[in-house]
Amino acid sequence: MLDLIDIKKTYGKTHALNGFELHLEEGSLFGLVGPNGAGKTTAIKIIAGLLVPDSGEVRIAGMSTRNSREKVQELIGYVPDSLGIYDNLTVWEYMEFFAAAYGIEGLSGRKRCENLLGQVGLEDKLEYHVDSLSRGMQQRLCLARALIHDPQLLIMDEPTSGLDPRTRFEFKEMMRELHDAGKTLLVSSHILSELSQMCTDIGIMEGGKMLLSGAMEDIMARIESSNPIRITVMDGVRDAMMIMKRNPGVKTISVSGRQFLLNFEGSREDEAALLEQLISADIPVREFVREPGSLETYFMQITDHTEEKIIMEEDFRSARDDV
Amino acid sequence: MIRNPVFTREMKVSSRSIKTPLILAVFNFILAAFALTNMAAAINIARDNAQMDYSVFIGIFIYVAIIEFVLILFVMPALTAGSISGERERRTLDIMLTTRLTPVKIVTGKLLSGLSNVLIILVSSLPILSLVFVYGGVTLSSLALILVSFVTAAIITASIGVWASSFCRRSSFATAISYAAVVILVGGTAGLCHLTFNLTGSAGYTHYLMLANPASTFYAVISDTMGEKNAMEQLAARYNTVITLSAQAWFAVGTAVQLIISIILVLFSVRNVGPSRKV
């Protein structure tokens, strides 16, 4: 449905996007996550045709945005991070204007507006001025506006920011419904938990690059195996440390009293082998457990890896010195 | 009926706003106050002397036209300078650009709505301008040419407003730039012409710049209305220039030059509104 290939975009000396890649399957609900300044909005604006990349290619439904801009625009619905409303229009006039902007006029335009306003629960607010609506209602109106031409791909930049928990929940439900109705959705957010609950696919970006992307199930499985192992021993800290150091799966060790935190790369069998080595060496192991992981902790690891690695390596050095 | 959603929406919004009736009321009040008080004074003098000086009525017509021209130069930037920057401030420009609306449609919609407002002002002021016909002295063709010069001035100043609005993020900044550009166009070209004459003894080719000045075409048509058929030639001789256009020719060429400048400004605006290479 959507392919971004080696997109580069610079603002002065800042690389907003630096070889950014994104691939979206039709019918997926893709969550684009990244810290502030990661380049999410730039990427979304390039997909929406509002920014021209310095290099690279954007293809939507197989068509290049460079050559088939008008056709591509028919396929996209865009909800920006700001509401983008006309405070001097009524709800109905607002919808009517955007319907006309897509060339949908007359009876079909009116029916389409009525259906969409009903879908987002604003059918009884037609004569209200847009600025008199609550933020949640304004956001729902923006969603109805973005759907006016029945796009295949809906791009939403931080759609739930600034909404209260109830409205956020309702809005997420609406996104789910759209996904169930066969729409492809690309949703950006820096609130990871809300994306992890509803997305089928996820992409984590930082510094203008996609660090990781794929199906949510695959990523969650990877998170499981990448979490640190916590080992607590009753005695024999020095011997335990020697065994761990010799194990090729152990990348870093952090020691706090009798508790070890291992950055361990390996399968379940490798974990079992390490535990067996410790027990064989008569080390009384009280606890041997993979830290429970979440998308948030994984996100922190891969977007803040440099800082974390330095801390781990320092811990490892101090533990070795103690030994 | 113009099928441009931006134009339709702008007209809908401006018809609701207090701004349009307020501008109409102030504009016509100034014109009417000037015209009626002078006309009453002229009639009183005629009543006392039993003589009617018809040139007074042509004078009133000319002064009313000058006031109207100056007001157009003042009103147009205010009406158009916030047109596109306002969309940016509301963050609605990006949304419009993702629809079928092209930058050309957006810019022309904004320009036409600004011009429609001026057209309403011009039509509403016609009764005041037409007071002169009570006593005669001005032909319908002169009135028509004056209206053409008004519309040309409105088009070029509206284009300046939209152009400034197309690259400014803030409407206040766009308004300031629009007024500065209008001052340069009207006062700057005349000032440069005068300065060149003072320094070299001839305005030379800088006189050509005056063709872009809407005040010069207005002056050409007004002088023609007043019966000063050689006014433009005399002006050229005074500034020792090579241009020897008659008032009618100056009006025609000047109007064409100003419309071409307006088209260029609109094209620049379209370019500025389109998908950006910057943030």
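Two strands are taken to pair where DSSP finds at least two bridges between them. In the predicted model described here, strand S11 (residues 229-233) and strand S13 (residues 259-264) of chain A meet this condition, pairing in the antiparallel sense over four bridges. Within this pairing, Ile229(A) stands opposite Leu262(A) of S13(A). The two strands belong to an open sheet of four strands in chain A, ordered S12-S13-S11-S14 with antiparallel pairing. Strand S12 (250-256) and strand S14 (285-290) of chain A form the edges, each pairing on one side only. From one strand to the next, the twist averages 15°. Helix H10 (residues 268-280) of chain A lies across S11, S13 and S14 of that chain, and runs at about 170° to S14(A).

Over all chains, 17 salt bridges are counted. One of them is formed by Glu93(A) and Arg16(B), whose closest N and O atoms are 2.2 Å apart. Because Glu93(A) lies in helix H3 (residues 91-101) of chain A and Arg16(B) in helix H1 (residues 5-16) of chain B, the pair joins two chains. Glu93(A) counts as buried at 14% relative accessibility, whereas Arg16(B) counts as partly exposed at 42%.

A salt bridge is also found between Lys12(B) and Glu96(A), at 3.7 Å from N to O. This pair likewise joins two chains, since Lys12(B) lies in helix H1 of chain B and Glu96(A) in helix H3 of chain A. Both residues are partly exposed, Lys12(B) with a relative accessible area of 30% and Glu96(A) with 33%.

On chain B, Ile18(B), Leu22(B), Val26(B), Phe29(B) and Ile30(B) make up a nonpolar surface patch of about 530 Å². Of these residues, Val26(B) is found in helix H2 (residues 19-49) of chain B.

How values were computed
Residues are numbered from 1 along each chain as its sequence is written. Chains are lettered from A and ligands numbered from 1 in the order in which they are written. This is a predicted model: local features need pLDDT of at least 70, side-chain atom pairs count only at pLDDT 80 or more; totals for chains, interfaces and linings use all residues. Side-chain values use heavy atoms; hydrogens and water are left out. Patches are made of residues with over 30% relative accessible area and no salt bridge: like charges are joined within 9 Å, nonpolar side chains (Val, Leu, Ile, Met, Phe, Trp, Tyr) within 5 Å. Accessible areas come from the Shrake-Rupley method with a 1.4 Å probe; for residues, only the protein chains shown count as cover. A salt bridge is a side-chain nitrogen of Lys or Arg within 4 Å of a carboxyl oxygen of Asp or Glu. Axes are lines fitted to C-alpha atoms, for helices over the stretch in contact, and angles run from 0 to 180 degrees between N-to-C directions. Contact means heavy atoms within 4.5 Å. Buried means under 20% relative accessible area, exposed over 50%, partly exposed in between (1.4 Å probe, protein chains only).
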